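Hi there,

Here is the structure I promised to pass on to you. Please have a look at it first, and then read my notes below.

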Amino acid sequence: MSALGAALLEQAGHCEALDSPFMGRLLRLLSTHWPADTELASRCAAYTGDIGPKGHSLPLRIASGLHALVLKQVDQALTAVYPPNVATDAELGHEVLAALQRHDAFLCDWITNAPQTNEVRRSAVLIAAAQLLNERFGLPMKLSELGASAGLNLMFDHFHLAVGDGYGPKSDVVLTPGWQGALPPLGALTVVDRRGVDLHPLDSHDPEHALRLQAYLWADQAERITRTRAAIALQDAEVDAGDAIDWLEARVTAPQDGALHLIYSTVAWQYFPVEGQARGTKIMEAAGAQATEAEPLAWLSYEADSETRGAALTLRLWPGDVTIDLGRADFHGRWVDWRAPERLT
């Protein structure tokens, strides 16, 4: 089997595990019926290194390009075999392969961009962690997101987390994760500054960028698309273009003006180069050494680790340099296993 075929199968398994049977069908179909006579095939063959989910993510680039054609409503035959419509494997295969031929040039251009998924459900963890910090310090917050893409998760205090009695305002973005463990404290959050960074940020209010945000989602998960569109309508945070670690160095040395600085990443830090991670850690530790009770620093990590069940949630807090295990969460925020203490000391 070719490297691309293996990558397509690997991604199919991940998508199926994340409740997307359609993506599983599509990617498995492509793994066995790849149109080698297209320019797209030549472009994909030119990629070097890891082309799978932990590398260039070519399967998701290809699949999102097809989804973009459906969302743009430019290929009715392809749309007819995409959710919510029902098609046999033979019908799906026929139309997908035909679309790859018809839209070869479009797809060649589309795959030059790496997937950027703003999974809004991850904000359930951000809300819970912010509530924990709010109860401990009672300070306004300055937010900084690394690998923010379009910055939708910088708006988490505008979302509603529907667990317990509910957290946050009434909102068109409602988060309903399966919640295990104690509930976080409940209080009013005040955000005085929010900003993110990404190598290639998307402007969610640009129609073409908004299309990308939706195309990177999976066609049989309509609720994710609806939720993302609602989050786009709320987004007004700035996302800078640049190297995350260079940006972090400038961001942590800027005045906090009596605020708690919460820095976080959600399934992004793990993609930074190892040397960048090491440098970023040193920058955070140096900034943490200067933190005070009046201007504390918190570093929240929502990232993959050696365990296979979801992502690890870790909070590192200064002054004091305390590391707190908050538990684990699904990569798409479908569930949260919250293990944080009832209050921080």
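**What I found**

Helices α1 and α2 pack against each other with their axes 8 Å apart and at an angle of about 170°. For the terms: helices (H or I, at least four residues) and strands (E, at least two) are DSSP runs numbered from the N terminus, while axes are lines fitted to C-alpha atoms, for helices over the stretch in contact, and angles run from 0 to 180 degrees between N-to-C directions. The two helices α1 and α2 are therefore roughly antiparallel; angles over 145 degrees count as that, under 35 as roughly parallel, 65 to 115 as roughly perpendicular and the rest as oblique. On the α1 side the contact includes Leu-8, Leu-9 and Ala-12, and on the α2 side Met-23, Leu-27 and Leu-30 are among the residues involved. Contact here means heavy atoms within 4.5 Å. The residues of this contact between α1 and α2 divide into seven nonpolar, five polar and three charged. In that count, Ala, Val, Leu, Ile, Met, Phe, Trp, Tyr, Cys and Pro are nonpolar, Asp, Glu, Lys and Arg are charged, and the others, Gly among them, are polar.

Before going further, a word on the source: this is a predicted model, in which local features need pLDDT of at least 70 and side-chain atom pairs count only at pLDDT 80 or more, while totals for chains, interfaces and linings use all residues. Residues are numbered from 1 along each chain as its sequence is written, and side-chain values use heavy atoms, with hydrogens and water left out.

Now to the whole chain. The protein chain has 12 helices and 11 strands. Its radius of gyration is 21 Å, close to the 20 Å that the globule rule gives for 345 residues, so the chain is as compact as a globular protein of that length. That radius is taken over C-alpha atoms, and the rule is 2.2 Å times the number of residues to the power 0.38. The C-alpha trace spans about 65 × 40 × 35 Å along its principal axes. Of the 345 residues, 55% count as buried, meaning under 20% relative accessible area, with exposed over 50% and partly exposed in between (1.4 Å probe, protein chains only).

Next, the sheet. Nine strands form an open sheet with mixed pairing, in the order β4-β11-β10-β9-β8-β7-β1-β5-β6. Two strands pair if DSSP finds at least two bridges between them. At the edges are β4 (178-180) and β6 (238-241), each pairing on one side only. Strands β10 and β11 (residues 335-338) run antiparallel and are joined by three bridges, and Ala-329 stands opposite Val-336 in β11. Helix α12 (residues 274-289) lies across β7, β8 and β9, at about 35° to β9.

Finally, a few backbone details to look up. Pro-83 and Pro-84 are joined by a cis peptide bond with omega about 10°, and Pro-84 is found in the loop between α5 and α6. Another cis bond runs from Trp-318 to Pro-319, with omega near 5°; Pro-319 is in the loop between β9 and β10. Asp-19, in the loop between α1 and α2, has a positive phi near 65° and is partly exposed at 48% relative accessibility. Ser-149 also has a positive phi, about 55°, without being a glycine, and is buried with a relative accessible area of 5%.

Enjoy exploring!
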